[in-house]
Amino acid sequence: MMSNAEIAAILKRIADILAIQGENPFRIRAYERAAVTIGGLPQDITEVHARGGVAALRKIPGIGEDLALKIEELLRTGRLRFLAGLERAVPKGLLDVLAVEGMGPKRTKFVWEEFRVRSLRDLERLCHSGKLANVRGWGEQSVRNILQAITMLRKFGERMPIGRALPLAEQLVRTLERSRLCDRVEIAGSLRRRRETIGDIDLLVTSEQPKRVMDLFCALPLVARVIAKGPTKANVLLKAGIEADLRVLDPEVFGAGLYYFTGSKTHNIRTRTIAIARGLTVSEYGVFRGTKEAKGRRVACRTEEDVFRAIGLPYIPPEIREDTGEVEAALAGSLPTLIEERDIRGNLHVHTDFSDGSASMVEMIAAAKRAGHAYVAITDHASSMGMVRGVKATNIALYVKRVRAAARKVPGIHVLAGAEVDIRADGSLYLPDAALQQLDWVIGAIHQGFKQSKEQATARLLTTMENPHLRAIGHPTTRLIGERGGMEFDWDALFRRARERGIAFELNASWMRLDLDDVRCRQAKAAGVKVCINSDAHDLLGFDLRYGVAQARRGWLERGDILNAMPWKQFQQWLRKR
DNA sequence: GCCGTTTTCGGCCCGACTGTTTTCAGTCG
């Protein structure tokens with residue numbers, strides 16, 4: 001059994017090895033593109049193959065005869081002879097070498113063949129050895145940069161969670177705006193697309209004094225080191241351990257630049273290809289009539305809307321520019337109207353000091369009201385896990401009474417008495433039915449027993465969903481971004497049953513979780529399962545839903561797909577029907 | 001390796017910056 005992510009990782013690995021071998025770049029790109037496509041596929045590739053075999057795999061864009069057969073081999077046997085052959089030819093450690101900033105395929109191949117470098121350590125030793133002193137293209141500066149990049153890779157190898165990167169970027173934006181040197185300042189790249197993790201921060205500005213902006217930016221206290229600095233582009237490493245790029249653009253073509261630097265790369269390639277077919281050339285400097293060689297008249301592109309208009313496509317929101325069907329949807333006129341923060345009407349997962357929250361029920365209800373919610377569910381933990389406080393079968397009557405009393409003290413918001421109840425390893429809930437039936441709203445969530453097989457885990461949640469009181473599954477995979485991978489399930493089976501049982505799946509809006517992820521959101525929507533975007537607030541500041549809404553947008557969700565975007569009356573009706 | 005409203009062969013997005021080059025290759029996004 002192999003997940004889409006595993007297949008994607010293998011295809012990327014093949015692409016990297018082929019690159020080190022100096023293979024045809026287009027062949028490499030085919031593997032890279034396939035990896036991205038499968039990584040973002042809303043259906044389980046195992047299911048796709050089980051239903052339609054190689055023919056179904058070939059229907060996936062970018063998957064042809066050859067890749068379909070390779071994927072089939074992986075699904076059937078768990079291995080791939082082609083990859084095994086490649087791995088015999090190229091040392092494993094060279095992939096770490098390739099990951100070093102400044103080490104591309106050519107240089108990696110070179111140090112491997114000329115200096116027998118087979119690992120990050122080997123590369124580090126080589127750089128210190130002085131053997132590179134008289135090598136063409138390997139001056140002192142290059143070697144210094146590579147050594148520093150090795151250190152950085154070891155220290156900050158992973159991408160940064162969006163919840164850390166976005167506030168950092170917003171701080172940079174404020175600084176640039178306050179400098180009065182810039183007319184426009186925008187965040188681009190994966191941050192603007194609101195990916196759950198960020199590789200680097202991309203900033204775009206317009207300015208009459210580009211040189212002064214570059215100087216200011218490179219001298220900011222947040223900056224640890226300047227990596228590159230030119231007249232229109234600077235690249236720095238921030239002390240927080242993430243790189244930031246700044247580009248100064250001509251206001252006349254700001255839209256083209258913003259579009260280009262927002263990406264994703266694969267999205268850009270798709271729309272450029274469409275532009276070419278329509279006799280246009282697109283670059284960060286605009287849309288041009290005619291080919292690249294005979295660069296013709298520039299079409300207006302002050303804004304992104306101008307660019308889309310010029311190419312002949314409707315506006316595609318940044319969050320879904322991932323080449324996972326949005327270009328086709330745009331061509332067909334069937335783009336979704338994505339959920340917005342202002343569509344959210346309620347919050348269905350909030351903790352208080354009855355369990356592990358830090359504020360009282362009254363305080364949390366008042367905070368929910370201030371956040372603009374029409375309704376809120378107090379959902380303290382009901383868990384066996386060493387938690388002294390919390391909801392138990394023995395105190396549930398008291399708990400509900402306290403929620404009702406707190407609700408009376410904060411008029412103007414509807415309050416549900418709920419609980420976040422532990423799902424045991426066998427799928428049963430921690431509270432007995434007699435206790436659950438006293439609640440208005442029951443979320444089931446896994447907090448222990450993560451290490452189950454996909455089959456066991458699926459059976460577990462299918463059992464949970466048979467409970468007549470359960471209305472939602474909270475942070476379904478239990479993942480913690482950058483810390484703990486999520487549990488795997490047969491999602492088709494889960495969503496099918498959830499739809500039949502009228503059970504919602506949570507998109508936990510904490511940036512550490514963002515669980516469900518974007519791909520599963522799309523899958524839930526396709527299955528007709530409602531998603532609720534919950535803050536899981538544990539304190540008065542925890543009501544921010546921005547990351548959750550962003551993730552929902554990445555998952556193509558519309559207002560009608562979101563349970564807590566329903567007005568109170570409609571939500572009540574949904575609760576009643578089963 | 002993929003793909004087809006100029007095509008089943010011959011294309012495949014486009015440009016900036018670095019380092020060290022004396023006109024450009026490699027890398028990155």
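This is a predicted model: local features need pLDDT of at least 70, side-chain atom pairs count only at pLDDT 80 or more; totals for chains, interfaces and linings use all residues.

Guide: I201 stands opposite A244 in β7.

β7 covers residues 243-249. Of these 7 residues, 5 are buried, so the strand is largely enclosed by the rest of the structure. β7 also pairs with β6, residues 233-238. Here the strands run antiparallel, joined by 5 bridges. One facing pair is K233 and R247. β6 and β7 form a hairpin with 4 residues between the strands. G241 takes a positive phi there, near 95 degrees.

Now follow β4 towards the DNA. β4 (200-207) supplies at least two residues of the surface near DNA strand B. So does β5 (223-229). Helices contribute as well, among them α2 (25-39), α4 (65-77), α7 (105-115) and α9 (140-155). α14 gives the most, with 6 residues. In total, 44 residues lie around DNA strand B. G64, G104, R107, G139 and G230 come nearest.

Next, the domains. Chain A is divided into five parts: domain 1 (4-89), domain 2 (94-155), domain 3 (160-249), domain 4 (253-332) and domain 5 (341-576). The centres of domain 4 and domain 5, taken over C-alpha atoms, are 40 Å apart.

Another sheet is worth a look for contrast. It is open and has 7 strands, in the order β11-β12-β13-β14-β15-β16-β17, with parallel pairing. Its edge strands are β11 (346-350) and β17 (531-534), each pairing on one side only. Neighbouring strands are turned by 30 degrees against each other on average, direction ignored. Helix α23 (residues 546-554) packs on this sheet and touches β16 (504-508) and β17. The direction of α23 makes about 150 degrees with that of β17.

β11 is mostly covered, with 5 of its 5 residues buried. β11 pairs in the parallel sense with β12 (residues 375-382) over 3 bridges. N347 has V376 as its bridge partner in β12. Between these strands comes helix α17 (residues 361-370), and β11, α17 and β12 make a right-handed β-α-β unit.

Further along the order, β14 (residues 441-445) runs parallel to β15 (residues 472-474), and 3 bridges join them. In that pairing, I443 stands opposite A472.

Conventions. Residues are numbered from 1 along each chain as its sequence is written. Chains are lettered from A and ligands numbered from 1 in the order in which they are written. Two strands pair if DSSP finds at least two bridges between them. Axes are lines fitted to C-alpha atoms, for helices over the stretch in contact, and angles run from 0 to 180 degrees between N-to-C directions. Two residues are in contact if their C-beta atoms, placed from the backbone, lie within 7 Å. Domain bounds come from an automatic or database domain assignment. A residue is buried if 20 or more other C-beta atoms lie within 10 Å of its own, exposed if 12 or fewer, and partly exposed in between; C-beta atoms are placed from the backbone. A crossover is right-handed if, with the strands pointing away from the viewer, the path from the first strand over the helix to the second runs clockwise. A residue is near a molecule or strand if its C-beta atom, placed from the backbone, lies within 6 Å of it.
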